[in-house]
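User: Please go through how the parts of this chain are arranged and what holds their contact.

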Amino acid sequence: MPRDATAPGASIGARILAQPFSPVEVIPWLAALAVFFLASDYLALGTSMIVMILFALSLDLLTGYAGIVTLGHALYFGTGAYAAGLLAKHGWSEPLTGLVMATVFTAIVGTLLGIVLAELRGMASIMTSMALGLIAYEGAKNASWLTGGDDGLQGFSMAPVFGVFRWSVYGHTAFLYALAWLLVFFVAIRILVASPFGLALKGLRENYGRMQLIGAPVRRHVIELYAISSGLAGAAGALSAQTTSFVDVNVFSIDVSAGVLVMLVVGGLGRLYGAFAGVIVYMLIHNVASEFAPFYWMFIIGAMLLAVVLFTRGGVMGLIDAMRRTFMRKQSA
Amino acid sequence: MTEAALSVRNLSKRFGELAVTNDVSFELERGARHALIGPNGAGKSTLVHQLSGVLKPDAGSVVLQGIDVTSMSARDRVALGLGRTFQISNLFFKLTVFENIFMALSERAGISGKPWLIASRQKALIEEGEEIAATFGLDGCMAQTVSEVSYGEQRLLEIAIAMALRPKVLLLDEPAAGLPKSEISSVLNGLALLPAETAILLIEHDMHIVREFATTVALLVDGRLELSGTPREVLESELVRSVYLGARHSSGSRAHA
């Protein structure tokens, strides 16, 4: 991306603003490919991790970058999931266009709600987002003619990707399909974060009032952010529906909204890779813990969250940073 | 273009019984270097807040380049060319000095809503930002976060951000507040580099800065403009002495600019 900006000769200002790709960033993608080739028993878990990473990334833009905390992000995940599921169920089973349509639809919903939410700050915004999420949850439960109610939306299947790659029970297609979308969206998010808009989001987080006084159209920024963040969350929901051929009505529940926030905090807010680290750590612990202690896994997650909040700055990614600094210091000593 | 850059007419504001701004009127011509002085509690900051749109006046009007902005938001006034700095540093403390400047530039250039642009490739804006940083002696600390740089540098960054917005009228609210004497000269040097055509209203306590910077001075006491004239006339008047030495003035020779 902004590679030329880091080249020698680039001005200091350009170098300060540049967020060049680093070779280390290949690691998660290589790890994903390693899982694909070497650990195919875990493809289903891997696919759901990819879905959650995209969901957590969408929240990171809102909460990590712009500092807008929400307990209603499941609303967009659920909207995207049902949009993709309903499209497939009613005859539009081509996955790529289905996902794009679900994403755009959710972004429109997010923009409309964003117009309202942009008026609110702090606790009022948190409570309103949570209330909107609860309304969607109850609505989806009761509109069983459309959503399948408590039984969830089922009885649909996706057409092969590009008309060639069939969705097998082993989940190879689903895994690569989800991974490819994550890569596409991640590159877009990476550009966004390096853009003047990305910088403005940090400005909103650091000093909302001052943003207005440098002439920033803060409402417009926030609405634009809601459009983008909700669209990405909708894409994650659509991926979930398409790869599992099922939509659980609980996609709208507050557990999902709170869960993704916990994952993000565990991983580290406002740095994109926190979404990767948080989701992987959370879901691995969930997976292992629920095997050994099916009734207590929430306890373990809770203890982990406490440990992160009390002992680390910036979650797992913050911890990795701290370790790397200590290592560098020892090297140079 | 005979209209004033900023024209304030009969501005009044009460906090309960207290008239904090009492029928204040004045004009700033293009390129003006006007200082507003007054003791603590005279209503200087309240006046700036009304000019910049943070507070709404009870009566009177604020006209910016012929446009009545009295009922406009602070943001809209910025868009029309009204800049200000803050008495207490109001910056983006966890971002770098250069990011602070660039953010203001990208808002002014109207590219802050474009998530597909790469900030580090906006060559012209970056160069402008580097020039502004150099003008205010901040080129050495551009990569540091604001919380890491000295208080004096933060004061200069306040002015640098205001300049990045290319204001027609600039309100400087005690730009050297809280600075040790030794660092005041760097702020004065920065002020001297502001574009000549910008109309500037300086709110200041420090008579040394006023004398160095302003061509006209007005005195605000108890929310009322009491005197105005050249720095020599105003600073050496009996009224200023009595007000600053704490002796209450009984009658005022009122002179509205």
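User: Which domains does the assignment give for chain A, and what distance separates their centres?
Analyst: This is a predicted model. The domain assignment of chain A gives domain 1 as residues 1-38 and domain 2 as residues 42-273. Taken over C-alpha atoms, the centres of domain 1 of chain A and domain 2 of chain A are separated by 25 Å.

User: How many residues does each domain of chain A bring to the contact?
Analyst: Contact here is counted for heavy atoms within 4.5 Å. On that basis domain 2 of chain A gives 15 residues and domain 1 of chain A gives 12 residues.

User: Which residues form the salt bridge across the interface of domain 1 and domain 2 of chain A?
Analyst: The rule finds 1 salt bridge across this interface, and 5 residue pairs are in polar contact between the domains of chain A. In the salt bridge the closest N and O atoms are 2.8 Å apart, and the partners are E25(A) and R190(A).

User: Which helix gives the largest share of the side of domain 1 of chain A that touches domain 2 of chain A?
Analyst: The residues of that side of domain 1 of chain A divide into 10 nonpolar, 1 polar and 1 charged. The largest share of this side, 6 residues, comes from residues 27-38 of chain A, helix α3.

Methods: Residues numbered from 1 in each chain as written. Chains lettered and ligands numbered in written order. Predicted model: local features only at pLDDT ≥ 70, side-chain atom pairs only at ≥ 80, totals over all residues. Heavy atoms only, no water. Domains from an automatic or database assignment. Salt bridge = Lys/Arg side-chain N within 4 Å of Asp/Glu carboxyl O. Polar contact = N/O pair within 3.5 Å; in protein donor to acceptor, adjacent residues only side chain to side chain. Helix = DSSP H or I, 4+ residues; strand = E, 2+ residues; numbered from the N terminus. Nonpolar A, V, L, I, M, F, W, Y, C, P; charged D, E, K, R; others polar.
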